[in-house]
Amino acid sequence: MQTDSFILRHLGPDKIQINDMLKTIGVQSIDELIFKTIPDDILLKEDLNLPEAMSEIEFATHIQELGNKNKIFKSYIGLGYHATSLPAVIQRNIFENPSWYTSYTPYQAEISQGRLEALLNFQTVVSDLTDLPLSNSSLLDEGTAAGEAMIMLFNGRTRAQKKSNTVKFFVSEEVLPQTISILKTRSAPLGIELVIGNHENIELDESFYGVILQYPAKNGQIFDYTNFIEEVHQIEIKVVIAADLLSLAILKSPGEMGADVAVGTTQRFGIPMGFGGPHAGYFATHDAFKRLIPGRIIGVTVDADGNHALRMALQTREQHIKRERATSNICTAQVLLAVMAGMYAVYHGPEGIKYIANRIHSLTNILNDALLKLGLKQSNKIFFDTLKIKVSNPEKVKSLSEENSVNFHYIDKKYIGISINETTTLSDINQIIRILAHAENLYSFKITDYQNSLTIPKKIQRNSIFLNNEVFHNYHSETEMMRYIKKLENKDISLTDSMISLGSCTMKLNAATEMLPLSLSNWTSIHPFVPVKQAQGYHVMLKGLEGQLNIITGFAATSLQPNSGAQGEYTGLMVIRAFHKANGDKHRNICLIPASAHGTNPASAVMAGMKVVVTKTSDTGNIDLEDLKEKAEKYKDNLAALMVTYPSTHGVFESAIREITKIIHKNGGQVYMDGANMNAQVGLTNPARIGADVCHLNLHKTFAIPHGGGGPGVGPVCVAEHLAEFLPSNPIVKTGGKNAITAISSAPFGSALVDLISYSYIKMLGSSGLTKATTIAILNANYLKARLEKHYKILYAGEMGFAAHEMIVDFREFKAKGIEVTDIAKRLMDYGFHSPTVSFPVAGTLMIEPTESENKKEIDRFADALIQIKKEIDAYNGEDSVLKNAPHTQHMLTADNWEHPYTRKEAAFPLDYIAEKKYWPSVRRVDEAYGDRHLVCTCNPIEDYIDEN
């Protein structure tokens, strides 16, 4: 055994298992399987032009050397990013814990109660601090949240506003520059007219539907927006406040001011800067917008016994259901980061959060007093943590500060900004004083005493209480916090328990070696707006990853800015839009999308200002070529793009793919390939080979970034040469092409920290390893297909009878007996498995993707479970059955009374292997409808737990 070979650690089956699986499938070799699965005309004729694999030891040395190129400065730049202190108990037990980072989005509530509770905590933190009753469970970043707020209010305009075509949205010039850039991107295709100016003298009228304000403002000044909001409400204008969440511990809340929506980032709640992300954005609003709010909402419900349970509420709002009628294309959120931010509040409690906020403010006051003593002018009359200072020579300040490993924000040729953070000490304040005194040729002095102080006027101080819930008062010792985290962890299924075979989700191994660099300070501590020379390690890594992805896709350029697959889709379509506009074809707005496409496709197209035309799917699951050709020709004068997933969402390599792309090009359109199923392509074929012009990739699928319970994700966009000039930019750090579209994400390189994972995955697999991983993914899928097709109908296959990397198993025939596919999904929990993807892309089916990381033994366990369930289906004779009562909890199994017609063993231990490692769901089947009828999305207040007796 070659112990230094990463590919052996990444792949599930060994040589003996591979041979056994090939026999079961009925082929002689993997080469024969690939030949019978992938059309010959799209197979690559040469190996990927990538270096051969590094060993794990070699990579550890390499990444350490790269990390040393990043310079750790004390950054007081602010602009939405601040140094933080992540409690070690959270770092060790959540951030570095695969039970948390390898779980999936909690669609299956019964096996997700732990992270659902953690997310409910997060929502409570956001709702309490903003004083707005309804919060979602995170968005991608602050800028994205602001864009979503603008669009939500646009869609929520009054009937009169829609009738009079009220489309103006006012943006305060005090809003963060990266947020303004995103607002420009998001508004243009929807016909929203941005008006940017000074909120203190703008004259708003009935032609405006909304406003966004920054609190505190971008350079630190605090404005009380109460009167402004009251005035604009008189003329039906809604208000968004982008607020620093930590500051709200001592500042008047957006809700108290009358805001309709509050957005921002929770990065200050212990999350490392990581060169821009990932961080959990937040979004809070009033109940009136509950049908329009973007993202996921965790709500309280009951289970089959009437016990307290949690679930994702109001799921009919989501893009995969509403498709082209969706008002947002949000899919992935930032669950892992939201969990961490929520736990930060749990660990510190309300008094701890106030202490941190007060300490930051007090240190800022100390610095401000020192500047006045030096004779420097500080412009902000009211501030929380940021000072705007007039200096005689910002360049001299910059030179001196960098000599001392310090970064400030250089606003213009007269002013600098300094933002104090949680990690700042009195010693740091003295260093700042010395630097500024030296720069101004003034006598320096030393502050020796820290004094707590509050200089915020009473009228803008916070009056309302927050985090008055039991969970924020019980876990302030590390022992109790560790046990609370473990208690929640034990309620959930993750890859540490068993295979998660979600089709189109690629739940593969997230190797420890790939994850380790994410905890190193020379990667976590870098502000996204530092000078390039301070982040050389990042720039080398990111450039390297872009190059790797260019080679893998066959394209010319890549942008790593998108923070999710859906955001990658949107970016690709916006690039296509810019291309047509540059060619004088701005009328091209028709986007053809197959009926089988993922719901984010039509939602993204609508967000990009395109009109969706759905093309038919044939009985064999392929794109209906004649219908596609007819519609492409019908709309040839206005055709913008085709969105196509390859292999298809039906798990098939369609042989006509090159003909399909030629039809689109012939009629003036561009081909966008959804990279959701790229795990079946890498090293064997690529998007360029099939004729695509642009694709997005899901680094959280194909390239090993963990799903984190629903985020983080990274959705880079790879484009052909003619589209490279339009890749997205950033207003602070130069990125993108020469004719770049405005920003997609807040940070220049999106969630740069987790890009380390994909970079390491490619480095350690190398050219041959990447290709081998793809072939094993296809092998595992076809082996599982061979085992299941004797018992169930497999819905689609390629022309020679083989699947790609996933398959669809049809359960619709059992509906006549009263059995739903949901019953199968819930019953799998009793066997220790997370269900595959339910009812997508075909209702009443399961889409199964085993990935290359599972070995034959695990796949056999899963197959055995489904085969045993088939016996239970055959024996089904009414509602009181193992299928309808699933999942079975430990409480149910140990109750004194057992009146069911099946045994306890049949309920909980239907196969022998289960006894070795039994997973117990913590609740019975949840009541979906109850939770929507009685929408509760925050923790109960502490009073609810007080026993009055």
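Guide: Gly-609 takes a positive phi of about 80°. Before going on, some ground rules. This is a predicted model, in which local features need pLDDT of at least 70, side-chain atom pairs count only at pLDDT 80 or more, and totals for chains, interfaces and linings use all residues. Residues are numbered from 1 along each chain as its sequence is written, and side-chain values use heavy atoms, with hydrogens and water left out.

Now the helix itself. Helix 22 covers residues 600-607. Helices here are DSSP runs of H or I with at least four residues, strands are runs of E with at least two, and both are numbered from the N terminus. Seven of the eight residues of helix 22 are buried, so the rest of the structure largely encloses this helix. Buried means under 20% relative accessible area, exposed means over 50%, and partly exposed lies in between, with a 1.4 Å probe and protein chains only. The buried set is Thr-600, Asn-601, Pro-602, Ala-603, Ser-604, Ala-605 and Met-607.

Met-643 touches Asn-601 and Ala-605, among others; contact means heavy atoms within 4.5 Å. Its other partners include Glu-569, Leu-573, Cys-591, Leu-592, Ile-593, Pro-594 and Tyr-672; residues up to four places away in sequence are not counted. Met-643 sits in strand 19, residues 639-645. Its relative accessibility is 0%, so it counts as buried. For scale, its C-alpha lies 40 Å from that of Gln-91, 552 residues away along the chain.

Follow the chain past strand 19. Pro-647 lies in the loop between strand 19 and helix 24 (657-666). The bond joining Tyr-646 and Pro-647 is cis, with omega about -10°. Most residues other than glycine have a negative phi, and most peptide bonds are trans. Ala-704 is another backbone exception: its phi is positive, near 75°, and it is not a glycine. Ala-704 belongs to the loop between strand 21 (694-697) and strand 22 (717-719). It is buried, at 0% relative accessible area.

Gly-832 follows helix 27, with a positive phi near 90°.

Seven strands form an open sheet in the order 2-8-7-6-5-3-4, with mixed pairing. The edges are strand 2 (134-135) and strand 4 (193-197), each pairing on one side only. Two strands pair if DSSP finds at least two bridges between them. Strands 3 and 4 run parallel, joined by five bridges. Lys-168 stands opposite Glu-193 in strand 4. Four of the five residues of strand 3 are buried. Strand 6 (238-243) and strand 7 (261-265) are also parallel, over three bridges. There, Ile-241 has Ala-262 as its bridge partner. Helix 11 (226-233) packs on the sheet and touches strands 5 and 6, at about 155° to the direction of strand 6. Axes are lines fitted to C-alpha atoms, for helices over the stretch in contact, and angles run from 0 to 180 degrees between N-to-C directions.

Two loops by this sheet deserve a look. Ser-138, in the loop between strand 2 and helix 8, has a positive phi of about 120° without being a glycine. Pro-216 lies in the loop between strand 5 and helix 11, and its bond from Tyr-215 is cis, with omega near -15°.

A cavity is a set of points on a 1 Å grid over the protein atoms alone where a 1.4 Å probe fits but cannot get out; lining residues have an atom within 4 Å of a point. Of its 20 lining residues, Gly-80, His-82, Gln-214, Pro-216 and Asp-244 are the closest to its centre.

Methods. 1 Å grid on protein atoms, 1.4 Å probe; cavity = no way out; pocket = protein on both sides within 12 Å on 5 of 7 lines; lining within 4 Å.
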